[in-house]
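Biologist: I would like to learn how to read a structure like this one. Please take me through it feature by feature.

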Amino acid sequence: QLQLVESGGGLVQPGGSLRLSCKASGFISDTYAIGWFRQAPGKEREGVSCISSSLENTYYSNSARGRFTISRDNAENTVYLQMNSLQPEETGVYYCAAEREPAGTNWYCGGDVRVYDYWGQGTQVTVSS
């Protein structure tokens, strides 16, 4: 069983920055891609970014590309999401999730919530003046 814990959320003014962290623990024998998702009030959860276990492959949504950067420290089992130039419409609960990668593949992760196996509890991000 894999556990994920997010941190780093908070209140930030429009145009500001935050760095989210996702710490994994538990039984980690397989390789996992890690994704970040956002759920705004009254809306469906949507993919923001993800990174493969090899660090070779990343994905960004159209709105995140160019402003957000995902990174990963496998020695610390931690994935980070640096978010810059945040806007009020990006307010929501941010979740990280893990997708088991098929063995022996150069895996490309994405933003489909249905393929992720484990989820954290989320961290609130509020962008407001």
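Modeller: Start with S61, which sits in the loop between strand 6 (58-60) and strand 7. Strands here are DSSP runs of E with at least two residues, and helices are runs of H or I with at least four, numbered from the N terminus. This is a predicted model, in which local features need pLDDT of at least 70 and side-chain atom pairs count only at pLDDT 80 or more, while totals for chains, interfaces and linings use all residues. Residues are numbered from 1 along each chain as its sequence is written, and side-chain values use heavy atoms, with hydrogens and water left out.

Biologist: Is S61 buried or exposed?

Modeller: The words follow relative accessible area: buried means under 20%, exposed over 50%, and partly exposed in between, with a 1.4 Å probe and protein chains only. S61 has a relative accessible area of 10%, so S61 is buried. A contact means heavy atoms within 4.5 Å. Leaving aside residues up to four places away in sequence, S61 touches G47 and V48.

Biologist: How do I read a sheet, and which strand order does the open sheet of four strands have?

Modeller: Two strands pair if DSSP finds at least two bridges between them. The open sheet of four strands has the order 1-3-8-7, and its pairing is antiparallel. Strand 1 (2-7) and strand 7 (68-73) are the edge strands, each pairing on one side only. On average, neighbouring strands of this sheet are turned by 15° against each other, direction ignored; such angles are taken between N-to-C directions, from 0 to 180 degrees, along lines fitted to C-alpha atoms, for helices over the stretch in contact. Six bridges hold the antiparallel pair of strand 1 and strand 3 (residues 18-26). L4 has A24 in strand 3 as its bridge partner.

Biologist: What does strand 4 pair with?

Modeller: Strand 4 runs antiparallel to strand 9, with eight bridges, and antiparallel to strand 5, with five bridges. The bridge partner of I34 is A98 in strand 9, and that of F37 is G47 in strand 5. Strand 4 and strand 5 form a hairpin with six residues between them, and G42 in the turn has a positive phi of about 75°. Seven of the eight residues of strand 4 are buried.

Biologist: How do I read a nonpolar core?

Modeller: In soluble globular proteins, nonpolar side chains tend to be buried together. A nonpolar core is a set of buried Ala, Val, Leu, Ile, Met, Phe, Trp, Tyr and Cys residues joined through side-chain atoms within 4.5 Å. Here the largest core has 26 residues, and L4, W36, F68, L81 and M83 have the most contacts inside it. Strand 3 gives the largest share, four residues. A second, separate core of six residues includes A33, C50, C109 and Y116.

Biologist: How many salt bridges does a search of the whole structure find?

Modeller: Side chains of opposite charge can pair when their charged atoms come close. The rule asks for a side-chain nitrogen of Lys or Arg within 4 Å of a carboxyl oxygen of Asp or Glu. The search finds three salt bridges. In one of them, the closest N and O atoms of R38 and E46 are 3.0 Å apart. R38 counts as buried at 6% relative accessibility, and E46 as partly exposed at 39%. In another, E90 and R67 meet at 2.4 Å, N to O. This pair links distant parts of the chain, with E90 in the loop between strand 8 and strand 9 and R67 in the loop between strand 6 and strand 7, 23 residues apart. R114 and D112 also form a salt bridge, at 2.9 Å between the closest N and O atoms.

Biologist: And how many aromatic pairs are there?

Modeller: A pair of aromatic rings is described by the distance of the centres and the angle of the planes. Rings of Phe, Tyr and Trp (its six-membered ring) pair if their centres lie within 6.5 Å; planes under 30 degrees apart count as stacked, over 60 as edge-to-face and the rest as tilted. The count comes to five aromatic pairs. The rings of Y32 and Y118 have centres 6.1 Å apart and planes at 70°, so this pair is edge-to-face. Both Y32 and Y118 are buried. Ring pairs also link F37, Y95, Y116 and W119 into a cluster.
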